[in-house]
Amino acid sequence: MKKLLSLLLAAALLGALGAPAMAAEESADAQLARVTQAVKQTLGLDTSAYENFQGDCDEEELARVWSLRWSSGDRYISVQALDDGAITGFYQSDDEDSAYWGWEFPTFPKGDASADRAAAEAFLAKILRDGESAVLDDFEETERLNSSSRSYSGDVLLNGLPSPLSYNINVRNGRIVRFWRTAPEGTFIGGIPSPETSVAQYQAAEKLKETLELRLEYVKTEDEPAQAILRYVPENGDQYYVDGITGELVNLTKMAEDLARKYANTAGGVAQDTASPAMAAESSTDNGGFSSAEQSGIQQMEDVLSKETLDKAVRAIQEFGLQGYALAAASYSTGEKDDTGKAEVLCTLRYQRSGENANWTRTVTVDARSGEVRSVRSSAPWDEAEIVLTAEQAQAKAEAFLKSFCPERAESLELYDTVDFAELAEDEKPPYHTFLFAQKVNGYFFPDNLYQIFIDAADGSIYRLSYEWDDEISFGSAEGVVSEQAAIDAWMGTYEATLGYSLVPQELTGSDTASKRLMELGTTHYYGLKLGYTLQRDGYFYGVDAKSGEPLEQELYSKSRETYNDLDGSSAKEAVERLALYGVGYECESFRPGKSLTQWDLACLLYSLDNARLDPDNVDQRTKDDVYSAMYRIGALERGERNENAVLTRGQLVKSLINAAGFGNAAQLSGIFTCSCTDKDSIPAEDLGYAAIAQALGLLEGTYAGTRGTNRGEAAVMICKLLERK
């Protein structure tokens with residue numbers, strides 16, 4: 001609900017505004033000339049080599065944005081700038097714009113990272129205005145295999161403080177390729193407040209801490225998905241800030257909701273559910289002419305009940321309120337086969353009734369064999385909604401339905417959450433009441449076992465029903481749980497009360513040109529900047545462990561492993577760790593560099609070049625098939641060569657890598673290669689090209705030794721050499 005209202009507010013404040021009038025005292029060509037000159041001067045552009053130039057103007061709500069483009073053949077420079085010449089976007093053509101999208105054996109990132117960073121900083125210094133600054137992020141994952149560019153993004157600081165403005169910049173080989181930023185114009189009105197505050201940080205932190213809420217409930221764990229444990233998890237609370245001048249605690253979410261209700265247009269109705277009419281056909285026992293696959297598919301429909309039988313069963317559930325509804329359509333769908341080779345079949349029954357100017361639909365999905373109801377959904381015109389039942393009456397209806405629909409589960413179900421529509425105007429209220437019921441164990445909720453029920457506000461019938469339930473979950477002990485206050489203290493410890501600028505809806509006074517114009521258009525509020533404290537943190541935290549009281553952090557991005565626990569003393573240590581920085585390797589604690597290399601070991605290594613790392617000892621059959629499909633696609637193996645446990649020789653390793661790198665056809669040419677390996681006289685003729693190319697790429701030193709065994713560490717060294725090629 002909060003998200004919806006915020007979106008409505010954004011649409012109300014930013015949309016449907018007329019464009020600012022073109023300055024009467026300056027002609028369009030004069031304006032274009034002025035902006036163009038300012039842009040060229042700021043960027044130091046020499047545009048004499050470009051044959052074409054075009055400038056367009058986009059009149060936005062509160063700012064005029066100019067699009068300038070210089071071009072000559074495939075070369076171009078494109079700049080977006082405001083009316084005063086401030087640059088908000090920059091793009092220029094690049095030799096690598098037309099990248100090949102097929103498989104190519106990757107390389108390590110090209111270019112000098114420090115030079116790219118310096119170029120980005122110099123560019124930002126040119127285009128940022130007085131009082132603006134930016135700090136480049138230091139996120140290591142910005143470098144990826146096959147990348148010759150580096151991206152940086154972050155906030156545009158105002159008076160050295162965080163702000164709602166942001167930027168992104170892309171640099172390739174010391175050259176700015178792309179840049180964009182948000183600007184004050186069009187984002188807020190009223191200027192930038194002074195950074196001076198009379199409120200101490202600790203005072204703001206105390207007030208903001210009071211807004212934090214945690215709830216203690218059972219959650220599944222990744223390590224043991226069939227085991228639920230207690231955890232303090234954050235409530236989806238409102239957003240607050242402490243005013244940097246008055247010290248007042250301000251609820252930004254409530255401000256947005258109040259204004260959204262004022263600006264939102266009432267929906268006249270909702271879209272009707274759509275369902276394809278059933279393509280019914282009489283069944284036949286004659287399988288003549290059907291393939292085995294077709295026969296198998298037909299057999300999946302065995303024991304499926306007719307739509308008439310299912311319709312009768314559904315109508316027998318009085319709470320669905322299908323009196324007066326006609327069955328409009330029925331459609332069957334088959335799911336995935338289970339371990340027994342049988343697939344679930346669902347039937348979707350679509351009911352409809354019509355009024356003078358509107359239609360109502362109710363769609364019920366059931367198990368086509370048992371008739372078990374899986375879900376209900378409805379649509380109704382909001383402008384004709386009759387709100388007869390109160391929320392309390394509707395809740396009683398929902399609870400009574402659960403007792404009849406799932407009596408055993410209902411014993412452990414309690415109301416988990418609801419949506420309060422009381423504050424909405426009568427003509428804005430939806431035609432239903434919403435309730436979420438969750439399983440309660442040892443006095444605590446387990447929201448993964450959940451029933452969602454919407455009750456029709458007119459007649460108390462089931463407007464919507466959906467549920468998820470797992471009977472196989474075991475629940476951990478509720479003993480030894482830390483107090484809620486201790487959890488709040490730990491949770492607050494992950495935050496810092498940070499002084500900065502926030503966007504705050506403000507009532508327009510007409511005291512300046514922008515607000516006066518907005519008021520003439522019928523707008524009463526718009527975003528302005530306010531100095532204040534908000535809670536900010538580094539990283540992502542998802543709760544507090546109920547037993548230890550420790551905050552639980554999850555990395556937003558899966559960072560590559562920088563080391564394994566068994567590389568000390570290995571000659572492959574440097575190569576393995578360098579590969580790991582780019583996500584290449586195995587998803588396990590030990591690399592085992594001395595282990596004899598199997599075909600499957602090599603396949604997992606090569607797969608990680610373009611996909612996720614795998615633990616070779618813990619992969620299901622489907623994933624194995626996907627890995628081998630990738631090996632065939634990149635040429636590392638031929639179809640028919642699959643032999644997961646085969647121990648590879650050094651020669652087989654070289655061949656797989658050379659083929660994957662795209663040199664296989666050349667390696668198979670005869671009579672054109674010179675190889676300086678010390679054992680060249682013993683290299684088979686069909687391997688000589690592979691040995692020569694491998695030597696040229698630095699994969700080999702000294703001998704070819706194609707028949708001797710190899711290991712994981714040697715494979716990592718060779719792959720690292722391939723990635724280093726220019």
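Trainee: Why does Asp-311 count as buried?

Mentor: In this predicted model, the relative accessibility of Asp-311 is 15%, and since buried means under 20%, Asp-311 counts as buried.

Trainee: What makes Arg-315 partly exposed?

Mentor: Arg-315 has a relative accessible area of 30%, which falls between the cut-offs of 20% and 50%, and therefore the term is partly exposed.

Trainee: How do you know that the side chains of Asp-311 and Arg-315 meet in a salt bridge?

Mentor: The N to O distance for Asp-311 and Arg-315 is 2.9 Å, and a salt bridge requires a side-chain nitrogen of Lys or Arg within 4 Å of a carboxyl oxygen of Asp or Glu, so the pair qualifies. Both residues lie in helix H7 (residues 307–315), where they are 4 residues apart, about one turn of the helix.

Trainee: What makes the pair Glu-372 and Arg-374 a salt bridge?

Mentor: Their side chains meet at 3.9 Å, N to O, and the cut-off is 4 Å, so this pair also meets the criterion. Glu-372 is partly exposed at 40% relative accessibility, and Arg-374 is likewise partly exposed at 25%. Both belong to a network of salt bridges that also links Glu-344 and Asp-367, and a search of the whole structure finds 30 salt bridges.

Trainee: Which parts of the structure does the salt bridge between Asp-625 and Arg-642 tie together?

Mentor: The closest N and O atoms of Asp-625 and Arg-642 are 3.1 Å apart.

Trainee: What does the side chain of Gln-599 reach at 2.6 Å?

Mentor: The side chain of Gln-599 reaches the backbone nitrogen of Asn-643 at that distance, while the backbone oxygen of Glu-641 lies 2.9 Å from a polar atom of the Gln-599 side chain. The cut-off for a polar contact is 3.5 Å, so the approach to Asn-643 falls within it, and so does the one to Glu-641.

Trainee: Why is helix H18 described as largely enclosed by the rest of the structure?

Mentor: Of the 13 residues of H18, 10 are buried, so the helix is largely enclosed. Among them are Arg-712, Glu-714, Met-718 and Leu-722, and the buried residues of H18 pack against helix H12 (573–581), H13 and helix H15 (650–660).

Trainee: How does the reach of H18 compare with what is expected at 1.5 Å a residue?

Mentor: H18 (residues 712–724) reaches 19 Å from its first C-alpha to its last, which is close to the expected 18 Å.

Trainee: Which residues touch the most other members of the largest nonpolar core?

Mentor: They are Val-39, Leu-43, Val-79, Ile-169 and Phe-179, in a core of 62 residues. A second, separate core of 59 residues includes Leu-606, Ala-630, Leu-699 and Ile-719.

Notes: Residues are numbered from 1 along each chain as its sequence is written. This is a predicted model: local features need pLDDT of at least 70, side-chain atom pairs count only at pLDDT 80 or more; totals for chains, interfaces and linings use all residues. Side-chain values use heavy atoms; hydrogens and water are left out. A polar contact is a pair of N or O atoms within 3.5 Å; within protein, one must be able to donate a hydrogen and the other to accept it, and residues adjacent in sequence count only if both atoms are side-chain atoms. A nonpolar core is a set of buried Ala, Val, Leu, Ile, Met, Phe, Trp, Tyr and Cys residues joined through side-chain atoms within 4.5 Å. Buried means under 20% relative accessible area, exposed over 50%, partly exposed in between (1.4 Å probe, protein chains only). Helices (H or I, at least four residues) and strands (E, at least two) are DSSP runs, numbered from the N terminus. The expected span of a helix is 1.5 Å times one less than its number of residues. Contact means heavy atoms within 4.5 Å.
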